[in-house]
Amino acid sequence: MFTTGSKLLIGSSVLATVAAIVYGVSQTEALGIVGLISAAIALASIAAFNVWARDSNLSAMDTTAVATSEAATEPPGASIWPMVFALGGATLLVGLVTQQTFFTAGIVIVLAAGAQWMVQAWAEGASADGAVNAEVRNRLANPLEYPLVGAVAVGAIAFSFSRVMLWLSKTNTVIAFGVLATLIACVAFFFAFRPSVKRGAISGALALGAVAIVAGGVAAGVDGERDIHEHETTATAAAEGLCATGEEGEYDHDASQTVATKSSTYTVRLTAAGALEFDVPGPIEVGAEALVLPRSSPLNIVFRNDSDDDRRLTYDFRALTEDELAEAEAAKEEESHGAGDESHGASERLQQCTTLVESGGAQLLTLVIPEPSISSSNDAEAFRFFVPDAEGKAIADLEVMVP
Amino acid sequence: MAIIERPTESPATEAPAPSASTSYGYLRRPVETKGWRSWAFTVDHKKIGIMYGAVALFFFIIGGLEAGLIRLQLAGPDGTILSADKYNQMFTMHATTMVFLFVMPMAAAFANYFIPLQIGARDVAFPRLNALSLWTFVFGGIFINTSWILGGGADGGWFMYAPNSSVPFSPSNGIDFWTLGLLITGIASLVGAINLIVTVLNMRAPGMTMMKMPIFTWMGFVTQMLLLFAMPVITVALFLLMFQRSFGATFFSVEAGADPLLWQHLFWIFGHPEVYIIVLPAFGIVSEVLPVFSKKPLFGYPFVVFSGAAIGFVGFGVWAHHMFASGLGPVSVAVFSVATMAIAVPTGVKIINWTLTMWGGKLKFTTAMLFAVGLIVEFTIGGLSGVTHAIAPSDTQQTDTYYIVAHFHYVIFGGGVVGLFSGMYYWWPKIFGKMLSETLGKWNFWLMMIGMNLTFGPMHIIGLQGQPRRMYVWTEYRAGEGFFNLGFWNLVATIGTFVLAIGVFFFLINIWVTHRPGSKTPPAPADPWDARSLEWITSSPPKEYNFARTPVVSDLDEFFHRKYEDVGEGDQHEYVQHMTGEEVIQNEEDNADLNIHLPAPSYWPMVLAFSLPVLAYGVIYSTLLILAGAAIATMAMFGWALEPADAPQSDYDPTDDGGETSKELANV
Amino acid sequence: MQAVTPTTTVKSVTSRVRIARLSAVAVLAAAVAGCAQDAPQDTWDPAGPNAQKIHSLDNVVYAIAGVVGVIVFAVLSVAFWKFRDRGQPIPEQSHGKPALEIVLTIIPAMILIGVAIPSVSTLMALNKTDDTECIINVTGQQWWWEVDYPVQEGCGGIDEPIVTSGQMVIEAGTKVLVRGTSRDVIHSWWIPRLNGKRDMVPGRVHTVRLEADEPGIYAGQCTEFCGLSHANMRMEVVAMEPDDFAAWKANQVEAYVAPEEGTLAAEGESTFVAQCSRCHQVDGLTDNDGELVIARPDQNVWSGAAPNLTNLMTRNTFAGASWDLLSNECRADVWEADSADVGAAYLEGVSESCLNEVELREWLRNAPAKKPMYTDPESLEETNGLPRGMPYLALSEDQIDQLIAYLLERK
């Protein structure tokens, strides 16, 4: 009933279960138990599959085949896996006392080598014919080996390549990408039109390319990435006070290239003369001084900066309530503790703003205005867009009317 | 694994006992030749084709019932048969079912069955992948329809425009079922497309150049190319939607700065080629049927081929004509408007060529021919109304009204489904060895034609007089006055639907009458229509290995030229039959090939396909199910890779290189 | 709606015959006279220059399509008759004549080029915005349209924004530019007798021209599928003479007049403040403390908007223009009034005797039962508990009486 392979797996599963129980009784940490129980379940499923498939080997159930099998009398062939297994064990131990990376690598090596060892040992029992045994092994192991090794190889190349691209400057990435793509295309054409080229040459070229990329990746990875700034989004918290100032923050150089900034929507433009003008699809209402925006509607508003300075557009909702203010202060407090940065205090108004837009640039501001403008009765509270200068004072204003 | 024909030198003389080392245990391949197992695990393209057809027909009936309910609801003002919610689900699922679960798989059924036969191959290039396509489609179709009992079907329309498809606007799981189900059936289409493309490019019989390929195969080939490029686009769109709905992404959330038109672009870049994916196979079918019953070759074969290819190519550049009212801006609209008019040219070329094929012929109006002619007539109407809304300003009045419903039903039903019915009647004796009744067939044809024109004809008027689509009720206040008001035409359309349904019912009766136990229908003759192409140079139904001898092709209409001889002199042509079809086939069988190798059946395609709906249920309901689905998928892929190359009952002929085996042809 | 001129009738009838013949051979005889008369959304009955441009283009295209169709069917019929199998010998196995093929490919291409030119020029004309005389904003949401008139010198001068819903009032003969967007899903603005449709997409602003030649009420309907009650999302454009339009504008911005103390309407006012004003704005309405009542639909419904009811009874439809505020008898007086009288009849608004009380009561009693909306509390998890549309408010019959009395004064 139970074949050699399934006995091994059932045993492992039972062992993992026992280990899980022991671990659960002696330790409180959950992760280990989860891991051990998962291993037990996984091993049990594989064992069940194996029992059903009877080691994928008719001969295992065929007593005469077993009796007459020369496998029992033939000595097994050479194997590299015990050595790799031992190497993995050593790495694991080194990792325990030094770095976690080695420990992880050790576990991976031990598991991989152990699996290979088991499969090989199992396959060598299949017959007396070494070639046949190798085929038996391949049939079982290749479907796992190819995708795994493939994924690791592709992952390594992609990761290395990404390191190289992150190391190069923005302009050079474009050039490097173009050159590499051309190179690949040329090599591919060369091989396509010369079918007589030896396979070895092709494999060699590909391996060389892969090694070059990985080597480049290692070098670039060691040297580190170029300076990359995170772009603010329009959702930047007003509480940080960024919306009020004109100089802090980042450009988004590419914002003017997004699809949405070209689509049918509202545009607010800061002119060279320093005035705010607006633009809407179709003509502007004659005699209108305020931008009419629908209430409670998600609005995409493009801010175009035609002035000579770097500016942002801020929409001013209202003063923060006391609760909100307290919350914002608390958040600010916490952050400045961490960063040791005390450049500006919390703003007292609820605002939403674009990032700092360079001269000639554009960026999108998405906002929803929940209240109608009649809800603010005095002029000081009028709904408005404004462009702050470095001190946060408005240098240009645009009234917004929300019916 | 691809089928590889082996040379015939080494016929297996004695079969050595299987040794432990050459067969790999319990995972051996199934061998049943009878019973349900012989169907469930088959990799035979003919059986797969038949199953594709049967399942598609089942979904056709489901989709038809949905259509019937829609029309009943709209028969009078303020209909109360369906609630608003149910109605929205009904029209969404009607379209989804008809497009993805009926027309596409039915076309796939014909392509699967006849492309290998028409190019003289013994099977498709990847037989197990073929089975995977079938079962993936079947499980995907069932999966989508289980939404009916799990909280209701999708309710966003088959176009599923964002943001109406987001969770706040459709809180039930219907759209999740729809999204995941279409992802699954998309796998089926994509796998099938790759399989058939490889088959056509690599497995044609000796002598069959691309320009000697039967026209149905050509159109099938173009269709598969369209699928190959269109399916990835919808897959991307569906993935975005799945992440939007199930994992909190904001691809279509306007509050997060998204532009909802992104979905429309993605959907229609797939959606427009989809139209041609639907009609081109039908065009291929009538291009086979018309020459046979006109006793003339297809007029302008290269023009039909290249216009088909042109339609396929230009079809990718006109998607935005579904978006003329979306606010793209006049310049984009103008460009797409002109491009859309341009695609009318190759379509017109097809109509002209079909007409000229009949001109000067010897026309025999069998049911198959009637359906083919029906396609020309109905599709011409659909094509002409199509031109009227290629005109962008007119389209802004017509789009999203019943005029569009009329138009695309004339195209998809009149151009697609009618063509498929023509194919059914034409190839039924080939597939099943029995002729369908011509009398019942004519009832079927006329009822379907009258029904379809009664249903969809009035919709032109309803639409132009201002009734929008997708409304669960219409009101008398907007229906106008006079006897022929919109209420009257709505009622006519509903009556037409039932005439149409009766017409389809006659088809089912016809099948029953022909095949019921104790039916007196005699076996069909080997060449009942005096046909012209390669699939008829074999018995009906074809043997498992298709051709006794791999045919060698020298003409476009190979079978015709084997039967008839031109005895005319100079420019005078006179054709004399020197062989009957039976004799041609007998001749082939007398010279049968030895050692035909056929792929063995397999369990794994079905198991792998089964894992997909499990995964999909997991996405909707529970991560545990995702794990279960992934486990099944892994096991199936493992089994697929591990199973032996051949079934154990094959006569093994272990060769020195340890590679191929061959199997002797049983009856030689 | 309108009496059509004889020439248009002839033209459109023959074209219709053509389509009918193409489309429905079996119903040919019926189709000769086979169209609805006076259908309110008839695209073949244009009532303004924009729709007329499309219609004129259509006529040409349908004529060409008709001729092509007739030729194809004639050739087919001849082929069926002439070449049916009468035992003639097997025809020549010719694979076609390339010269003929090329000619037959070029002919349709030429026809299409001929059609493309006028079609593109019409398209451009319909997208012009620089001749606008009046700008009106529309905003779609599930399942009604908000219409607002921004402050401008156009439209004969608007000094204070006007907000209304369901019905757009315009001056006949004025070139109106509708500028639209949406608050939730995509909707489509379509007044068939005035112009083609234009989708109103959230986050985007789209424009469409409107102009009515004559005063009248022009019906329309949302034509982009927008969810559950898509069928119940309608709208009308009411075109009137300049004087009437001026009167309408003045009426819209009149100051709020509170109901007299002690009347049923006064009770209705407090009911309204308590029950309705969370979502529905009535401009100038004050609460007990004399504070202006500002509706906060953004906190109460998913679309963040509800119709402004300041002048409800100056409109004659409600709930997404799906039901009439006017009873059947009074409806005809406005809807079927002569062109010259439409404005005056419309400006009368809805009086107590003309009110379609039955349906308004049904609506107040249980709105989601009358118009399908997502208001079931159990299915609102995904919308943070906010209903999509007007929820069931459990109003008593007394409260409904009070509200109706109050609302009747809103004009």
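Modeller: Buried means under 20% relative accessible area, exposed over 50%, partly exposed in between (1.4 Å probe, protein chains only). This is a predicted model, where local features need pLDDT of at least 70 and side-chain atom pairs count only at pLDDT 80 or more, while totals for chains, interfaces and linings use all residues. Side-chain values use heavy atoms, without hydrogens and water.

Biologist: Is Asp324(C) buried or exposed?

Modeller: Asp324(C) counts as buried, because its relative accessibility is 7%. Arg331(C) is buried too, at 10% relative accessible area.

Biologist: With which residue does Asp324(C) form a salt bridge?

Modeller: Side chains of opposite charge can pair when their charged atoms come close. The rule wants a side-chain nitrogen of Lys or Arg within 4 Å of a carboxyl oxygen of Asp or Glu. Asp324(C) pairs with Arg331(C), and their closest N and O atoms are 3.0 Å apart. Over all chains, the count comes to 37 salt bridges.

Biologist: Which residue forms a salt bridge with Asp298(C)?

Modeller: Arg295(A), with the closest N and O atoms 3.7 Å apart. This pair crosses between chains. Both Asp298(C) and Arg295(A) are buried.

Biologist: Which residues are linked in a network of salt bridges?

Modeller: Glu357(C), Arg361(C), Arg365(C), Glu397(C) and Asp401(C).

Biologist: At what angle do the axes of α6(C) and α11(C) cross?

Modeller: Two packed helices are described by the angle and the distance between their axes. Axes are lines fitted to C-alpha atoms, for helices over the stretch in contact, with angles from 0 to 180 degrees between N-to-C directions. Helices are DSSP runs (H or I, at least four residues), numbered from the N terminus. Here the axes of α6 (residues 264-275) and α11 (residues 397-408) of chain C come within 7 Å and cross at roughly 105°.

How values were computed: Residues numbered from 1 in each chain as written. Chains lettered and ligands numbered in written order. Helix = DSSP H or I, 4+ residues; strand = E, 2+ residues; numbered from the N terminus.
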